[in-house]
Amino acid sequence: MLQQTRVEAVKGYYARFLAALPSIESLANASEDTCLKLWEGLGYYSRVRNLRKAAMEVVDKYQGKLPEDESLLAKLPGIGKYTAAAIASIAFQKKAVAVDGNLLRVFSRLTCSMLDVKEEKAKETCHQFLFERLEERPGDFNQALMDLGEIICLPHGVPKCDLCPFSDCCKAHMAKKELDYPILSKSKEKKKENKTVLLFSLKEQIAIRKRPEKGLLASLYEFPNLEGTYSQKEVKAYLEKNGISFTKVISLGNATHIFTHRIWKMKGYCVVLEKKIDDPSLLFVSKEELNHHYSLPSAFQYFLEIKRPQNM
Ligand code: SF4
């Protein structure tokens with residue numbers, strides 16, 4: 001859960017997830033929909049899919065007991081080098097270095113590294129540098145460096161070098177060039193996509209559909225949507241062309257959702273229907289059913305939360 005997400009944001013989800021699925025076996029036996037629902041709102045849904053697959057593999061291959069070895073852990077779905085090293089060192093006290101952004105920043109400043117921290121080479125060099133210096137208590141070693149990076153060797157703004165145990169050997173500090181490191185190449189610009197989201201409403205029900213099994217937000221539910229930005233007039237023309245009987249089309253405003261590599265600019269409309277649309281991919285559900293049984297990504301939640309007409 002902590003991959004790409006802050007501790008504060010995760011706490012409630014963590015407690016809820018463990019209360020519902022308290023063991024590796026229970027996770028392995030849970031349906032994908034149950035897991036997605038428990039994850040709803042956390043984003044990066046492939047994490048929970050992989051977590052479930054990893055639990056199934058641990059039950060199958062390791063009699064339900066998580067392997068302690070870093071290389072075996074790294075073979076489980078969703079567990080990369082960082083997570084494998086973090087589990088091996090923190091849970092099992094194995095000698096392993098969990099290189100995250102904090103460790104990379106500390107390493108870059110300590111050594112005045114000219115390597116771009118986005119490149120694999122920087123991670124490998126950082127790993128080797130710290131691995132050679134790791135003598136005991138690997139879990140504490142990693143967590144201390146993570147904390148140092150988060151609290152003292154700050155990512156944004158001036159690091160608190162006067163509180164740092166490395167201030168007398170840190171090359172960047174000695175050269176008074178702390179802010180010149182780490183070296184970071186510019187991120188690629190995120191791709192912008194325009195969408196028109198349609199909330200088809202019929203009495204107390206609303207239409208949703210399941211997204212494809214692969215790709216962005218795979219297997220989650222969504223409100224039907226169209227590529228591009230439609231005006232109210234264009235939405236009406238679209239509905240008429242597709243034989244969808246409606247009484248009103250009401251604008252729900254605009255929303256923006258930022259993903260890792262793309263941005264959705266959305267325009268929403270509530271379409272009050274006269275009768276159900278004849279489309280087997282659409283499910284008409286009550287708001288309560290939607291809340292309890294279907295995983296709706298946050299990108300679409302905006303249109304659910306804003307004030308809509310009485311009959312929705
Ligand atoms: S001395 Fe300053 S720049 Fe160097 S590692 Fe410590 S906090 Fe970071």
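Predicted model: local features only at pLDDT ≥ 70, side-chain atom pairs only at ≥ 80, totals over all residues.
Residues are numbered from 1 along each chain as its sequence is written, and side-chain values use heavy atoms, with hydrogens and water left out.

The C-alpha atoms of the protein chain fill a box of roughly 75 × 50 × 30 Å when taken along the principal axes. The secondary structure of the chain comprises 13 helices and seven strands, where helices (H or I, at least four residues) and strands (E, at least two) are DSSP runs numbered from the N terminus. Of the 312 residues of the protein chain, 42% count as buried; here buried means under 20% relative accessible area, exposed means over 50%, and partly exposed lies in between, with a 1.4 Å probe and protein chains only. The chain is divided into domain 1 (1–65), domain 2 (78–186) and domain 3 (191–305), with bounds that come from an automatic or database domain assignment. Between the C-alpha centres of domain 1 and domain 2 there is a distance of 28 Å.

For volumes, grid points are joined across faces, edges and corners, and the volume is the space filled by probe spheres set on the points. One cavity of 30 Å³ or more is present in the structure, and the volume of the largest cavity is about 120 Å³. Helix H7 (101–111) and helix H9 (138–152) are the elements that give two or more residues to the lining of this largest cavity, and H7 supplies the largest share, three residues. In total, 15 residues line the largest cavity, and those nearest its centre are Arg109, Cys153, Cys161, Cys164 and Cys170. The lining divides into ten nonpolar, two polar and three charged residues, where Ala, Val, Leu, Ile, Met, Phe, Trp, Tyr, Cys and Pro count as nonpolar, Asp, Glu, Lys and Arg as charged, and the others, Gly among them, as polar.

The largest cavity is also the space taken by the ligand, a molecule being placed in a cavity or pocket if more than half of its atoms lie within 2 Å of its grid points. Around the ligand are Arg109, Ile152, Cys153, Pro159, Cys161, Cys164, Ser167, Cys170, His173 and Glu178, a residue being near a molecule if one of its heavy atoms lies within 4 Å of it. This shell has six nonpolar, two polar and two charged residues.

The second largest pocket holds about 270 Å³ of space. Helix H6 (81–90) and helix H8 (120–133) are the elements that give two or more residues to its lining, which includes Lys81, Tyr82, Glu120 and His127. By class, the lining of this pocket has six nonpolar, one polar and five charged residues.

Several residues of note belong to the loop between helix H10 (171–174) and strand E1 (191–202), among them Ser187. Lys176, in the loop between H10 and E1, has a phi near 55 degrees, a positive value in a residue other than glycine, and Lys176 is exposed because its relative accessible area is 72%. Pro182, also found in this loop, is joined to Tyr181 by a cis peptide bond with omega of about -5 degrees. Ile183 has its place in the loop between H10 and E1 and counts as partly exposed because its relative accessibility is 25%. Although Ile183 and Val117 are 66 residues apart in sequence, their C-alpha atoms are 6.2 Å apart in space. Ser187, by contrast, is 16 residues from Lys203 in sequence and 46 Å from Lys203 in space, C-alpha to C-alpha, and Ser187 counts as exposed because its relative accessibility is 57%.

A further positive phi, of about 50 degrees, is found at Leu217, which is not a glycine. Leu217 lies in the loop between strand E2 (205–210) and strand E3 (221–222), and Leu217 counts as buried because its relative accessibility is 10%.

Methods
1 Å grid on protein atoms, 1.4 Å probe; cavity = no way out; pocket = protein on both sides within 12 Å on 5 of 7 lines; lining within 4 Å.
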